Amino acid sequence: MAPQFTEAVSKAIEEAFQLATERHHLEVSENHLLYSLLQDPEGYFLSICEAAGIDPLRLEEEARSALDRLASYSTD
């Protein structure tokens, strides 16, 4: 049985894979998904962060930093 996701989550998963591809990463990580969720200004994830007392901009910065440290492949 295939998992059923909301449209927003499905979109974030697709964007996470696209981000990993664009950055030439060897795998898709939780940071790809987190970064993708944080990119949707109308998404509910930002509201969840704020309700939990989490600064979404700081979290986005940390996710981006983690992505910058991931192994990648060269297309040369």
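The model is predicted, so local features need pLDDT of at least 70 and side-chain atom pairs count only at pLDDT 80 or more, while totals for chains, interfaces and linings use all residues. Residues are numbered from 1 along each chain as its sequence is written, and side-chain values use heavy atoms, without hydrogens and water.

Helices here are DSSP runs of H or I with at least four residues, numbered from the N terminus.

**Stop one.** Select residues 7-22, helix α1, and residues 30-38, helix α2. Their axes come within 8 Å and cross at roughly 120 degrees; axes are lines fitted to C-alpha atoms over the stretch in contact, and angles run from 0 to 180 degrees between N-to-C directions. Now show Ala-12, Ile-13, Glu-15, Ala-16, Leu-19 and Ala-20 in α1, which meet His-32, Leu-33, Tyr-35, Ser-36 and Leu-37 in α2 (contact means heavy atoms within 4.5 Å).

**Stop two.** On the α2 side, select Asn-31, His-32, Leu-34, Tyr-35 and Leu-38. They meet Pro-56, Leu-59, Glu-60, Ala-63, Arg-64, Ala-66 and Leu-67 in α4.

**Stop three.** Go to residues 44-51, helix α3, and select its buried residues, Phe-45, Leu-46 and Cys-49 (buried means under 20% relative accessible area, with a 1.4 Å probe and protein chains only). Seen down the axis of α3, they fall within an arc of 100 degrees, so they line one face of the helix; the arc is that of the directions from the helix axis to the C-beta atoms. What covers them includes α2 and α4.

**Last stop.** Select Gly-53, which follows α3 and has a positive phi, near 80 degrees.

Note on methods: Helices (H or I, at least four residues) and strands (E, at least two) are DSSP runs, numbered from the N terminus. Buried means under 20% relative accessible area, exposed over 50%, partly exposed in between (1.4 Å probe, protein chains only).
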